[in-house]
Amino acid sequence: DEDTNINEDIILMNLYTDTVSTTLSKSSSNIVYSCNVVGKSTATKISIYLYLQEYKNGNWSNVDVVTKTATAHVSDKFSSAVSGRRYRTEAHVYVYSGSKYEYLEANSATMIY
């Protein structure tokens, strides 16, 4: 069973964040998805809310979520994917510098499982 990797990097010029990237891949009976955030030297904390979304009936809906704070990388496996359906990730990222923060969103490319 060959792995299929889909990557979409978004390079941002923001106050506290250098880059946000999300990945989505098919491996055996799982979807493996992750988000990597690189904060600038002024970043004091990073919170990531990474959603796996499924396209069904003309809408994207969340089917799984993983969250992490005080780190720059989060990933998870989803074993309930339905063959032939479309999936993507949506990352909601908060990058803090002291009491100030910026909010960023990033989506992966779409994958048909």
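Author: A strand here is a DSSP run of E with at least two residues, a helix is a run of H or I with at least four, and both are numbered from the N terminus. The model above is predicted: local features need pLDDT of at least 70, side-chain atom pairs count only at pLDDT 80 or more, and totals for chains, interfaces and linings use all residues. Residues are numbered from 1 along each chain as its sequence is written, and side-chain values use heavy atoms, with hydrogens and water left out.

Reader: OK, which residue in S8 stands opposite Val93?
Author: Start with the two strands, S7 (residues 86-97) and S8 (residues 100-107), which pair over eight bridges in the antiparallel sense. Strands count as paired if DSSP finds at least two bridges between them. Along this pairing, the residue in S8 that faces Val93 is Leu104.

Reader: Which residue in the turn between S7 and S8 has a positive phi?
Author: S7 and S8 make a hairpin, with two residues between them. Look in that turn for a phi of about 65°: the residue is Gly98.

Reader: Is Asn57 buried or exposed?
Author: Buried means under 20% relative accessible area, exposed means over 50%, and partly exposed is in between (1.4 Å probe, protein chains only). Ser28 has 48%, so Ser28 is partly exposed. Asn57 has 74%, so Asn57 counts as exposed.

Reader: How many residues are in the largest nonpolar core?
Author: A nonpolar core is a set of buried Ala, Val, Leu, Ile, Met, Phe, Trp, Tyr and Cys residues joined through side-chain atoms within 4.5 Å. In the largest one, Ile31, Cys35, Val37, Ile48, Leu50 and Val93 touch the most other members. Strands S2 (17-27), S3 (30-39), S4 (45-56), S6 (73-78), S7 and S8 each supply at least two residues of this core.

Reader: How far apart in space are Thr67 and Leu50?
Author: Thr67 is in strand S5, and at 43% relative accessible area Thr67 is partly exposed. Beyond its neighbours within four places in sequence, Thr67 is in contact (heavy atoms within 4.5 Å) with Ile48, Tyr49 and Val74. Thr67 and Leu50 are 17 residues apart in sequence, yet their C-alpha to C-alpha distance is 6.1 Å.

Reader: Which residue's backbone oxygen lies 2.9 Å from a polar atom of the side chain of Ser97?
Author: Ser97 lies in strand S7 and has a relative accessible area of 19%, so Ser97 is buried. Leaving aside neighbours within four places in sequence, Ser97 is in contact with Tyr16, Thr42 and Thr44. Of these, the one whose backbone oxygen lies at that distance from the side chain of Ser97 is Thr42.

Reader: Which residue forms a salt bridge with Glu54?
Author: A salt bridge is a side-chain nitrogen of Lys or Arg within 4 Å of a carboxyl oxygen of Asp or Glu. The whole structure has two. The closest N and O atoms are 3.3 Å apart, and the partner is Arg85.

Reader: How many residues apart in sequence are the parts that Glu54 and Arg85 tie together?
Author: Glu54 lies in strand S4, while Arg85 is in the loop between S6 and S7. The pair therefore ties together parts whose separation in sequence, in residues, is 31.

Reader: How far apart are the closest N and O atoms of Arg88 and Glu90?
Author: Arg88 and Glu90 form a salt bridge too. Both of these residues are buried. The distance between their closest N and O atoms is 3.9 Å.

Reader: What kind of aromatic pair do Tyr94 and Tyr101 form?
Author: Rings of Phe, Tyr and Trp (its six-membered ring) pair if their centres lie within 6.5 Å; planes under 30 degrees apart count as stacked, over 60 as edge-to-face and the rest as tilted. The structure holds seven aromatic pairs. For Tyr94 and Tyr101, the centres are 5.8 Å apart with 55° between the planes, and the pair is tilted.

Notes:
Polar contact = N/O pair within 3.5 Å; in protein donor to acceptor, adjacent residues only side chain to side chain.
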